[in-house]
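Dear colleague,

Please find below the structure that I am handing over to you. My findings follow directly after it.

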Amino acid sequence: MKIEINDLRFTYPTGLEALQGISLTIEAGEQVAIVGQNGAGKTTLVRHFNGLLQPSSGSVLIGEWDTKKHSVAKLASRVGYVFQNPDEQLFSKDVGTEIRFGPRNLGYSKEKIDELVTRALSLTELSDKTDTNPYDLSPTWRKMAALASVIAMDTPIVIFDEPTTGQDAVNVARIANVIAELRKEGKTVITITHDIDFCAENFDRVIALSNGKILLDGSARDVLGQEEILAQTYVDPPQLTRLGKRLGLKETVRNQDEFLKALK
Ligand SMILES: Nc1ncnc2c1ncn2[C@@H]1O[C@H](COP(=O)(O)OP(=O)(O)O)[C@@H](O)[C@H]1O
Ligand SMILES: [Mg+2]
């Protein structure tokens with residue numbers, strides 16, 4: 001499902017203009033990373049995709065739906081949003097109930113709900129924790145419960161707000177695996193991240209935001225190679241990309257495979 005954003009501006013009640021004219025199209029099935037310094041407007045932008053925030057001017061279309069004309073509840077059938085902080089999202093007394101909530105709310109049949117919940121539990125490796133209270137889970141597993149509850153809704157568009165922040169390497173790999181599965185299913189995945197290595201490894205397209213505006217938008221290779229421009233939003237290219245540059249490699253490399261290939 002296509003997302004079309006046209007000259008989006010958003011001003012908080014404090015008077016701060018957090019988005020200053022964003023125009024952007026994301027095609028169905030794209031895997032997009034959004035990067036940029038703290039306060040660049042990344043969260044403000046994605047909260048417009050599911051109607052949590054409404055444009056001060058301009059428009060956001062999810063498929064043919066204008067977010068101004070559809071409720072957050074309705075938009076939830078198209079856009080899943082995993083909050084940066086799972087504590088803002090989880091509310092049930094056990095993981096199983098938590099994960100059933102979304103698909104049940106969308107009115108799916110019992111069979112479909114069972115199938116979606118089983119799949120979400122298995123993808124996030126939570127199958128043995130369905131009876132646990134989310135608040136008794138470690139921060140790592142709480143994060144996975146938040147992912148699972150959104151994945152279970154089977155929306156064509158899934159947004160992750162800083163999924164890897166504070167996660168250990170094992171869980172970062174688990175999250176990358178979830179994203180790879182969603183990609184296989186043809187979902188649109190939009191991920192806000194500070195982890196540039198994670199971004200280089202898992203996304204095709206990278207959008208860099210700075211002060212409420214798009215600074216760069218292009219293939220991960222092109223964007224992550226623009227060291228001087230990225231520096232304006234305090235984003236460093238991946239270590240391997242920088243090392244490749246210093247070694248004088250002709251191609252911009254993003255990961256170990258590309259690095260080794262270019263060295264040969
Ligand atoms: N609820 C709010 N009220 C007022 N200002 C806010 C609010 N949320 C965020 N902001 C401000 O809007 C700007 C963009 O914030 P945000 O979208 O959270 O950035 P990012 O996700 O890129 O770190 C920042 O200057 C931030 O302080
Ligand atoms: Mg944010």
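The notes below go from the overall fold to the sheets, the core, the ligand site and some individual residues.

**Overall fold**

Please bear in mind that this is a predicted model. The secondary structure of the protein amounts to eleven helices and ten strands. Its C-alpha trace spans about 55 × 45 × 30 Å along the principal axes. The radius of gyration is 19 Å, which agrees with the value near 18 Å that a compact globule of 264 residues would have. Of the 264 residues, 42% are buried. Among contacts between residues at least 6 apart in sequence, 63% join residues at least 24 apart.

Four strands make up an open sheet with antiparallel pairing, in the order 2-1-4-5. Strand 2 (17-26) and strand 5 (65-66) stand at the edges; each has a single partner strand, so one side of each is left without a neighbour in the sheet.

The pairings within this sheet are as follows:

- Strand 1 (residues 3-11) runs antiparallel to strand 2, and seven bridges join them. Leu8 has Ile22 of strand 2 as its bridge partner.
- Strand 1 is also joined to strand 4 (residues 57-62), by five bridges and again in the antiparallel sense. Here Arg9 has Ser57 of strand 4 as its bridge partner.
- Strand 4 pairs with strand 5 over two bridges, in the antiparallel sense. The bridge partner of Ile62 in strand 5 is Trp65. Two residues lie between the strands of this hairpin, in which Gly63 takes a positive phi near 60°.

**Strand 9 and its partners**

Is strand 9 (residues 205-210) enclosed or open to the outside? Five of its six residues are buried, so strand 9 is largely enclosed by the rest of the structure. Strand 3 (residues 31-35) pairs with strand 9 in the parallel sense over four bridges, and Val32 stands opposite Arg205 there. Strand 10 (residues 213-219) runs antiparallel to strand 9, with six bridges between them; in this pairing Leu209 stands opposite Ile214. Strand 9 and strand 10 form a hairpin with two residues between them, and Asn211 in the turn has a positive phi of about 45°.

**The nonpolar core**

The largest nonpolar core has 68 residues, and those with the most contacts inside it are Ala148, Ile159, Cys199, Val206 and Ala208. Helix 5 gives the largest share of this core, with eight residues. Leaving aside neighbours within four places in sequence, Ala148 is in contact with Ile99, Ala120, Leu121, Thr124 and Leu126.

Which residues are around ligand 1? They are Tyr12, Thr14, Leu16, Ala18, Gly36, Asn38, Gly39, Ala40, Gly41, Lys42, Thr43 and Thr44. Helix 1 (residues 42-46) gives the most to this shell, with three residues. By class, the shell has four nonpolar, seven polar and one charged residues.

**Val235**

Val235 lies in the loop between helix 9 (227-231) and helix 10 (239-246). Val235 counts as buried because it has 25 C-beta neighbours inside 10 Å, where 20 or more are required. Apart from its neighbours within four places in sequence, Val235 is in contact with Val35, Gly36, Ile196, Ala208 and Leu230. One of these, Gly36, is also among the residues around ligand 1, while Ala208 is listed among the core residues with the most contacts. The C-alpha atoms of Val235 and His194 are separated by 7.9 Å, and the two residues are 41 apart along the chain.

**Backbone angles to inspect**

Most residues other than glycine have a negative phi.

- With 13 C-beta neighbours inside 10 Å, Asp7 counts as partly exposed.
- With 21 C-beta neighbours inside 10 Å, Asp154 counts as buried.

Yours sincerely

Note on methods. Residues are numbered from 1 along each chain as its sequence is written. Chains are lettered from A and ligands numbered from 1 in the order in which they are written. This is a predicted model: local features need pLDDT of at least 70, side-chain atom pairs count only at pLDDT 80 or more; totals for chains, interfaces and linings use all residues. A residue is near a molecule or strand if its C-beta atom, placed from the backbone, lies within 6 Å of it. Ala, Val, Leu, Ile, Met, Phe, Trp, Tyr, Cys and Pro count as nonpolar, Asp, Glu, Lys and Arg as charged, and the others, Gly among them, as polar. Two strands pair if DSSP finds at least two bridges between them. A residue is buried if 20 or more other C-beta atoms lie within 10 Å of its own, exposed if 12 or fewer, and partly exposed in between; C-beta atoms are placed from the backbone. Two residues are in contact if their C-beta atoms, placed from the backbone, lie within 7 Å. A nonpolar core is a set of buried Ala, Val, Leu, Ile, Met, Phe, Trp, Tyr and Cys residues joined through C-beta atoms within 7 Å. The radius of gyration is taken over C-alpha atoms; the globule rule is 2.2 Å times the number of residues to the power 0.38.
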